[in-house]
Amino acid sequence: MTTHLPTLADIEAAADVVYQSFQATPQYRWATLSARLGTDCWVKHENHTPVGAFKIRGGLTYFDQLRQRGELPREVMSATRGNHGQSIAWAARQHGVACSIVVPHGNSVEKNAAMRALGATLIEHGEDFQESREHAIALAVDRGAHMVPSFHTDLLRGVSTAWWELFRAVPQMDVVYVPVGQGSGACSAIAAKLALGHTVRIVGVISAHATTYADSLAAGSVVASPVSTVLADGMACRVADPAALEVLAPHLDHLVQVSDTEVAEAMRMLFADTHNVAEGAGAASFAAAWQERASLKGQVVGTTLCGGNVDSATLAGVLERSSRF
């Protein structure tokens with residue numbers, strides 16, 4: 001299967017769609033964070049979108065492409081751990097389309113509340129994202145609903161705009177760390193790099209407790225791997241997407257695995273230095289840079305606070321350094 005990465009013209013057109021809902025998010029070189037890392041460190045603040053995460057960009061362009069093709073459905077179905085679901089719910093509401101989202105049992109209470117507030121009907125099923133996804137696919141068939149996947153070219157169109165903003169704002173960037181859940185963020189960073197002819201090295205970041213992408217890239221084919229992360233729910237994927245692997249394999253500089261302990265420490269550092277709240281996956285980018293800080297001296301480093309949607313109780317536990325984190 002071949003994924004057609006967005007071109008520069010595609011990304012520029014996508015930006016026009018995204019900016020109808022919100023403006024470009026900021027990227028800052030935080031002085032204290034840079035001093036801590038020992039080199040220039042930029043943070044792309046995707047926690048500043050209307051749903052607190054980068055995913056909204058993809059939902060907006062996915063639905064816009066459906067509209068342009070005259071294919072807007074009566075109902076959409078999808079599966080999520082939270083941020084993708086908020087994205088789809090936001091765009092579905094904008095286009096007057098009914099939206100049902102499947103989440104696993106025990107999902108983030110506050111992400112669930114946010115999706116409901118956006119008009120989505122939530123269905124709790126399964127013990128992890130993969131079980132929720134399979135259930136959503138079956139429900140979509142039964143109900144004649146349109147299944148919105150977690151990885152698709154039309155999602156990449158919108159997500160690429162975040163990296164297009166960052167790479168244009170910081171043309172001197174040497175390396176950027178990008179979390180990998182189902183792959184839309186990292187593949188979109190690759191698309192923006194290629195579209196702009198930027199020389200930045202793209203490093204993928206996965207949870208050390210959800211290694212399907214590392215295992216699959218090493219094997220050259222999809223390898224399902226168990227998920228045990230309790231903090232990085234946005235990266236809690238058991239089965240890699242083969243289309244994402246096809247894009248990542250030739251373009252990632254390398255992969256970094258970050259533990260929940262490292263993610264929690266990154267959440268604390270980001271809060272102390274920027275006073276922004278990062279969810280687990282949102283802190284993974286800086287956690288990876290911190291892990292590799294000895295090799296980054298003299299380089300301009302890009303990180304992304306790709307989401308800030310962490311439950312209050314979880315955040316409190318992280319900041320208080322509870323035994324769980």
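In helix 8 of this predicted model, where helices (H or I, at least four residues) and strands (E, at least two) are DSSP runs numbered from the N terminus, the residues Ser 184, Gly 185, Ala 186, Cys 187, Ser 188, Ala 189, Ile 190, Ala 191 and Ala 192 are buried, the term buried denoting under 20% relative accessible area, exposed over 50%, and partly exposed the range in between (1.4 Å probe, protein chains only). The cover over these buried residues includes helix 1 (8–18), helix 7 (153–169), strand 7, strand 8 (201–207) and helix 10 (242–251). The 13 residues of helix 8 should span 18 Å at 1.5 Å a residue, and the end C-alpha atoms are 18 Å apart, which agrees; the expected span is 1.5 Å times one less than the number of residues. Gly 197, with a positive phi near 65 degrees, follows helix 8.

Residues are numbered from 1 along each chain as its sequence is written. Local features need pLDDT of at least 70 and side-chain atom pairs count only at pLDDT 80 or more, while totals for chains, interfaces and linings use all residues, and side-chain values use heavy atoms, with hydrogens and water left out.

Grid points are joined across faces, edges and corners, and a volume is the space filled by probe spheres set on the points. Two or more lining residues are given by each of helix 4 (83–94), strand 7 (175–179) and helix 8 (184–196), and helix 8 provides the largest share, three residues. By class, this lining comprises 13 nonpolar, 13 polar and five charged residues, where Ala, Val, Leu, Ile, Met, Phe, Trp, Tyr, Cys and Pro count as nonpolar, Asp, Glu, Lys and Arg as charged, and the others, Gly among them, as polar.

The second largest cavity has a volume of about 40 Å³ and is lined by Lys 55, Gly 58, His 84, Ser 150, Leu 155, Val 159 and Ser 184. Two nonpolar, four polar and one charged residues make up this second lining.

A search of the whole structure finds zero disulfides, a disulfide being a pair of cysteine sulfur atoms within 2.5 Å. The sulfur of Cys 41 is 14 Å from the closest cysteine sulfur, in Cys 306, and is therefore too far for a bond; Cys 41 is buried, at a relative accessible area of 0%. Cys 237 is likewise in no disulfide, the nearest cysteine sulfur, that of Cys 306, being 12 Å away, and Cys 237 is buried at 6%.

Glu 46 is found in the loop between strand 2 (41–45) and helix 3 (56–68) and is buried at 1% relative accessibility. Apart from neighbours within four places in sequence, Glu 46 is in contact (heavy atoms within 4.5 Å) with residues including Thr 25, Arg 57, Ala 162, Thr 304 and Cys 306. Arg 133, in helix 6 (residues 129–143), is partly exposed at 31% relative accessibility. With neighbours within four places in sequence left aside, Arg 133 is in contact with Ala 79 and Met 147; the C-alpha atoms of Arg 133 and Ala 79 are separated by 5.0 Å, although the two residues are 54 residues apart along the chain.

Key. On a 1 Å grid over the protein atoms alone, a cavity is a set of points where a 1.4 Å probe fits but cannot get out, and a pocket is an open set with protein on both sides within 12 Å along at least five of seven lines; lining residues have an atom within 4 Å of a point.
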